[in-house]
Amino acid sequence: MHYGHFDDAAREYVIDTPATPLPWINYLGNEDFFSLISNTGGGYSFYKDAKLRRITRYRYNNVPADTGARNYYVTVMNGSGDDAKPVETFSPTFLPAKTPLDSYTCRHGIGYTVFEATKAGIRTNLTAFVPLHTAAEINRLDITNINGAPKTVDVTGCVEWCLWNAVDDSSNFQRNLSTGEVEVERGDESTLLYHKTEFKERRNHYAFYGVNAPTVGFDTSRDEFLGKFNGWDTPQVIAEGHAHDSVAHGWYPIAANRVRITLDPGETRTLVFTLGYIEVADDAKWEDPTDPAKVGIINKEPAHELFARFDSAAKADAALAELKDYWTGLLSTYSVESGDDRLDRMVNIWHQYQCMVTFNMSRSASYYESGMGRGMGFRDSNQDLLGFVHLVPERARERIIDIASTQMEDGSAWHQYQPLTKKGNADIGGGFNDDPLWLIAGVNAYLAETGDAGILSEPVPFNNVEGSEKPLLEHLRRSANFTMTHLGPHRLPLIGRADWNDCLNLNCFSSTPGESFQTVENNDTGIAESVFIGGMFVLYGGQYADILEHYGTTVGMSENEAQAEAAAVREAVAAMDEAVRTAGWDGEWFVRAYDAYSRPIGSHTDTEGQIFIEPQGMCVMAGIGLEDGKAQAALASVRDRLTCEWGTAILAPAYSTYRIELGEISTYPRGYKENGGIFCHNNPWISIANAVAGNDEEAFAVYRRNCPAWLEDKSEIRKVEPYVYCQMVAGPESALPGEGKNSWLTGTAAWTFVDVSQYLLGVRPTLDGLLIEPHLPAEYNDLTVTRVYRGVTYRIAMHRTGERTLTVDGAPVAGNVVPVPADGVETVDVAVTF
C-alpha cells in the first residue's frame, strides 16, 4: 500500500507510479508567483491571486482527471528534416500522452518537483520550480539517448492560457471566445509565445512561454494543435509530426513550442522552458507607440530580461541551488534529532514546508479549492501565522497588517479578503464572531517570536478606508471588546453567523436548495451563543492582557492606563471562565453552543451531536477546568466517545437528518466533514490540551493518529498525499472510514506544528523568552532540539529522568523560561530533564 517513499536526506517524497489514488501534488513558489504541480504534471500557475491573475487554465472535475496542464511530448522521429515521421510519443510526466513508460519516478521536493522517465531508448529528466524573487516557472528538461544508435527526437512543450479572471474565464464564453490575443517572437536561438488578451485596454500585464532553442514550429491555437475529436493525449500536430505555426484570434489561445534535436548514443541535450508573467507601467506598454507599423505590439523588453536569466542549463541550475539553499536556511530555524525518522522528517521538513504553503495560499488554491471563490481568510491567515512566524517573521508582520486592515471599526471583520486587492470579500461577507479574537492570537505569536513591539504602533486602517488609521493595538482592543460586548443570555459570546466551525449556522435557518449558508441572511437574534468562543476569549483575552502589561507603555499608554485596562480584561476573562464552567458544562464535557432558542448544542440531552471536539480542545487549552477536574473529564470523554484509529471525530453521534436550526453541519452525510468527520484541524487542540493537562502519552497518541508519516502504509485507504495533512478524514460513522479529502490547505498544518514543536517537544516562544517544557511519551528519552530565536541559536538537549530541571550554559535556572541572553550572544546551550 506504498506508492513511494521518503528520501529524508534529499528532503523529497519519491513517488514510484503515476497511478496514485489521487493526484499527489506539490507547490512551487514562495512569494508572488505560484504553481500547483501533480505527480503527473497537472496543475496551474497564477500571480498573487488565483482568481484574478490566473495564468494557465485548469479544469476541475475533468475526465480523465488532471490533464491539460504542463503538456510535454517527446516524439522519437524516423528521418530528419521535413521528411521526418513520428514513431512513438511519450510524456515525461506520463500524462497527457498516457504512453506506458519503461520507468517513472516523481520526486516532490521543497519548492521543486523532478520527473524521471525512460521510454523508447530515451531518458528524460524534467525539473520544475519557481526561482526566488521571480514571476516565472522554470521547466528544465534533459533528454538523453540511452540507445546504441543516434536518435532524432522532437520535444513539444505546451500550456493553455487562462484569460486572467478564472471565474470569468470559465463562464463568460460569449465574450471570451472573441478576445484571445497572442504574439509570436521566433528567433534563431529561441521562440517566445506571448499571451496578451485584454492588454490593450485595462490590463498592464501579459504572460509568455518560451524555450531556449531553435524551434521547428509553434502553435498558439488549441483547435489547430489538438484537431477535431482529440484530447491532450492525442494532439493532431503530434500525430502528424509537425507544428502548424497557428496564430490564435479569439477562441482558445495556447502556447506550444516544438524543438527537434538529434542525439548520439549517450548524448544529453537540455532545454529550458520558461513560463513568465510580466507587469509594465501604463506608459511603457508598447514597443513603439509612435510608429504606426508597430501599433499594438507589446513591450517585450521585460520578458527578454526575465527569459535571459534562465536561458541555459547553468543558469537554471544556479537558480535551483539558490532555492534549495534558501530552504536549508529556513528549516534550520527549528529542528529535532529524536532517533525516530518519522518524527524527525515531519518536524524538520514537511510540517514546516506545509506551513509555508498555507501561509502563502490560505485556503484559496489547491486541488480541492478552485482558487475562484475564496481569498485569504481572516481567521485562516491568523492561524497560519502561528506555524509560520518563526520562518520569515518580516513576512508575518506584513501579513498581520494586511489582515488587520480589513477589520471593521466595531472590531468585527470581513471573513476573507482578496490577496491582490487586499479588499474584503463581499461575496463571503462577515458575521463570524470568532474572527476578531484570532487577530490577537496572530499578533501575540509574532510578539513572542520577535519582541518587535513597534508593530503595535503601526497605523492600520479599518476596512481599508483611508483616513481611518489607528495603531494596531487599537485593533486588538476592538477585537477583545467585540467579544466582551456581544454576550448572550448565559453571558457566553454570541455566535453570529458561525464561529470557527463555518457550518454551525445557528442564525441562518436556510430552506432554499443550493443557498450558501455563509451568505444567506444572518437572522441574529442575540440569543445563539458559542461556548467555543468563550474558551477562545479566556485564552486570547488573557494574551491581550499580557500584551498590555508588557507593551502598553511603549505605544503611548501610561503605566496606570495599561494596568487598569489589563485588569478589566482579566476580570472579563474570569467571568467568561465561570460562564463556561457553569452554563457551558454538560456533566462530562463542555457544551458546544446554545441555539437561537437557547437550547444546548453538544449535550447528552440530544440524541445526536451530543459531544463536539472544539470546546473540549479550546477550553482546556485555555486552562478552563484544570483545577476542578472538568478538563480531565472532558478529555476522557473525547478519548472514549470521539476517537478511533484514524483520529478524533468532530462530533458524535453524527446527525442523520437536516436540522434547519443548525445549518450546514447537518447537511453532510454521517461521518463526513463537519458532520462526524475527523476534521484534522482541531485534533492538535486535543493533543495540546492533553499536554497542558499532563496526559503526555495521550497527547502524543493524538498527534500520531493522523500524522502522515505514521499513515504512509495506509495510503490505499487514506488516498491523499502521505507527506502533508488533509483537512478531513472520513470518520468512524462514515461509509469509508479513513479516506482523506482536501489536502494541503488546512489549518491543521500550523496547529500541528505548534502542537509538536511548542507542546510535545515543548520549545515555546513567549513574551518573556523561550519556554521549554516537553510532553513526550515513554519511548522518547533523549532528544536534541535546535531553535533559532530572536537571532540566538539555542541548542537544547533533553533527557528523561522523571524530574523537570533547566540548565542554561551550565547554570541551573528556576522555572521553565530561558532568560533572554545579553546582547552579542550567538549561541546558548540548554539542558533539560523531564
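# A guided tour of salt bridges, pockets and cavities

The count comes to 56 salt bridges, a salt bridge being a side-chain nitrogen of Lys or Arg within 4 Å of a carboxyl oxygen of Asp or Glu. The model is predicted, so local features need pLDDT of at least 70 and side-chain atom pairs count only at pLDDT 80 or more, while totals for chains, interfaces and linings use all residues. Residues are numbered from 1 along each chain as its sequence is written, and side-chain values use heavy atoms, with hydrogens and water left out.

**Salt bridges.** Select Arg 175 and Glu 198, whose closest N and O atoms are 2.9 Å apart in a salt bridge. Arg 175 belongs to helix H2 (residues 173-176), and Glu 198 to the loop between strand E15 (191-195) and strand E16 (205-211), 23 residues apart; helices (H or I, at least four residues) and strands (E, at least two) are DSSP runs numbered from the N terminus. Arg 175 is partly exposed at 27% relative accessibility, whereas Glu 198 is buried at 12% (buried is under 20% relative accessible area, exposed over 50%, partly exposed in between, with a 1.4 Å probe and protein chains only).

Arg 379 is buried at 3% relative accessibility, and Asp 435 is buried at 0%.

Then select Arg 57, Arg 59, Glu 160, Asp 169 and Arg 222, which a network of salt bridges links.

**The largest pocket.** Display the largest pocket, which holds about 800 Å³ of space. Of its 36 lining residues, Asn 444, Gln 543, Tyr 759, Arg 764 and Pro 765 are the closest to its centre. On a 1 Å grid over the protein atoms alone, a pocket is an open set of points with protein on both sides within 12 Å along at least five of seven lines, a cavity is a set where a 1.4 Å probe fits but cannot get out, and lining residues have an atom within 4 Å of a point. Grid points are joined across faces, edges and corners, and a volume is the space filled by probe spheres set on the points.

Colour helix H12 (531-551), which gives the largest share of this lining, seven residues. Domain 2 (332-759) and domain 3 (764-833) both contribute to the lining, so the largest pocket lies between them; these bounds come from an automatic or database domain assignment. The lining has 21 nonpolar, nine polar and six charged residues (Ala, Val, Leu, Ile, Met, Phe, Trp, Tyr, Cys and Pro count as nonpolar, Asp, Glu, Lys and Arg as charged, and the others, Gly among them, as polar).

**The second largest pocket.** About 680 Å³ of space lies here. Select Glu 369, Arg 374, Asp 502, Lys 673 and Gln 727, which lie nearest the centre among 32 lining residues. H8, strand E33 (726-729) and strand E34 (740-743) each give two or more residues to this lining, which comprises nine nonpolar, 13 polar and ten charged residues.

**Cavities.** Five cavities of 30 Å³ or more are present. The largest holds about 60 Å³, and its lining includes Ser 45, Arg 70, Glu 137 and Tyr 209. Strands E7 (71-78), E12 (136-145) and E13 (151-164) each supply two or more of its lining residues. End at the second largest cavity, of about 50 Å³, where Gly 43, Thr 56 and Ala 69 are among the lining residues.
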